[in-house]
Amino acid sequence: MNNKGLEISVSVIPVQTKDFRWITTANYSTNKNKIVSLSDDRFKVESGYIDAGYIGTTIKQETHRLHEGGKAGNFWGFKVVDIDEEGKWIIEGKDGNPKPIGEQQPDDKTVIGNGLPKHFLSWDNSFVYKNFDLNITMRGTFGYDILNLPRLYYDCPVNLTHGNLLSTAYDPVFGKRPLSDQQELQYVSHFIEKGDFWKIDNITLGYNFTFNNKYIKRLRLYASGSNLITITGYSGIDPEVNVSTLDPGVDAINRYPSTRSYTFGAMVTF
């Protein structure tokens, strides 16, 4: 696999006076990959591709395909273009024409997204004013897709017999009507969403006291909040999903949500 990328780090002090100092640091990285070959002199993939990832429980399909000349992280499935009068999926066939999903063939599948982020950005800011200090840490990930498995299973009326559904399960699709409950669950592009996000990871505010005695030299009181704000268009609980495997970008059904935490503390120097 060939990888081409760029990483930039910039640190600046925009303002510095007797009582105030602002230090800001930005980091940016990007990467592009291409699968050159899946074979060598000891192992050969005759088809030129391998499938990765797996959706169990009823659907039982692989989610990704790695093929020579393509990119790692590609979602491989049926591209939805509409629904019919009964609320059943209409997909795009291999010839580019619409067809009922009941007539699907394996070669109708195509690339319907990619779970590997293209861009990473972080921005840290530190402010000091007299005895106060404030630190704000932010970061974002852009240019990737997420397979929303909770929506795939619980946003379709057909799954009502398996338990609870999302409140949106009977909302109109494509502005027409709800999905039919007389069809099988399907791994289709409708459940692939943009995963771009920007997070305020941490904000810490502190105040420093100094003492002129033999017991305590310095006291710092601080308050800190982590995982405070996430700005995203993704409809799931958290757009930060696993991207380190051969099937990146899958939001698992049983994933525990990340927590928001607050800390109050003191640091004493004797």
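Predicted model: local features only at pLDDT ≥ 70, side-chain atom pairs only at ≥ 80, totals over all residues.

Colleague: What percentage of the residues of the protein count as buried?

Modeller: A residue counts as buried when its relative accessible area is under 20%. The count is taken over the 270 residues of the protein, and the buried share is 35%.

Colleague: How many helices and how many strands are there in the protein?

Modeller: Helices and strands are both present. The protein has one helix, and the number of strands is 17.

Colleague: Why is the protein said to be more spread out than a compact globule?

Modeller: For 270 residues the globule rule gives 18 Å. The C-alpha atoms fill a box of roughly 85 × 50 × 30 Å along the principal axes.

Colleague: What share of the contacts with a separation of 6 or more comes from residues 24 or more positions apart?

Modeller: A contact here requires heavy atoms within 4.5 Å. Among contacts in the protein with a separation of 6 or more, residues 24 or more positions apart account for 65%.

Colleague: Which element gives the largest share of the lining of the largest pocket?

Modeller: The largest pocket has a volume of about 490 Å³. Of the 29 residues that line this pocket, the closest to its centre are Asn 33, Lys 71, Ala 72, Asn 114 and Leu 116. Strand S2 (20-34), strand S9 (110-114) and strand S10 (119-129) each give two or more residues to the lining. The largest share, four residues, comes from S2.

Colleague: How many charged residues are in the lining of the largest pocket?

Modeller: The lining divides by class into nonpolar, polar and charged residues. Twelve are nonpolar and twelve are polar, while the number of charged residues is five.

Colleague: What is the volume of the largest cavity?

Modeller: The structure holds one cavity of 30 Å³ or more. Residues lining the largest cavity include Trp 89, Leu 152, Cys 156 and Phe 191. By class, its lining has seven nonpolar residues, three polar and one charged. The volume of the largest cavity is about 50 Å³.

Colleague: Is Lys 60 buried or exposed?

Modeller: Lys 60 lies in the loop between strand S3 (49-52) and strand S4 (64-67). Apart from neighbours within four places in sequence, Lys 60 is in contact with Tyr 54 and Ile 55. Exposed means a relative accessible area over 50%. The value for Lys 60 is 56%, so Lys 60 is exposed.

Colleague: What is the phi of Lys 130?

Modeller: Lys 130 lies in the loop between S10 and strand S11 (132-142). Lys 60 is not a glycine, yet has a positive phi of about 55°. Lys 130 is not a glycine either, and has a positive phi of about 50°.

Technical notes. Residues numbered from 1 in each chain as written. Heavy atoms only, no water. 1 Å grid on protein atoms, 1.4 Å probe; cavity = no way out; pocket = protein on both sides within 12 Å on 5 of 7 lines; lining within 4 Å. Points joined across faces, edges and corners; volume = space filled by probe spheres on them. Nonpolar A, V, L, I, M, F, W, Y, C, P; charged D, E, K, R; others polar. Rg over C-alpha atoms; globule rule 2.2 N^0.38 Å. Buried < 20%, exposed > 50% of the residue type's maximum accessible area, 1.4 Å probe, protein only.
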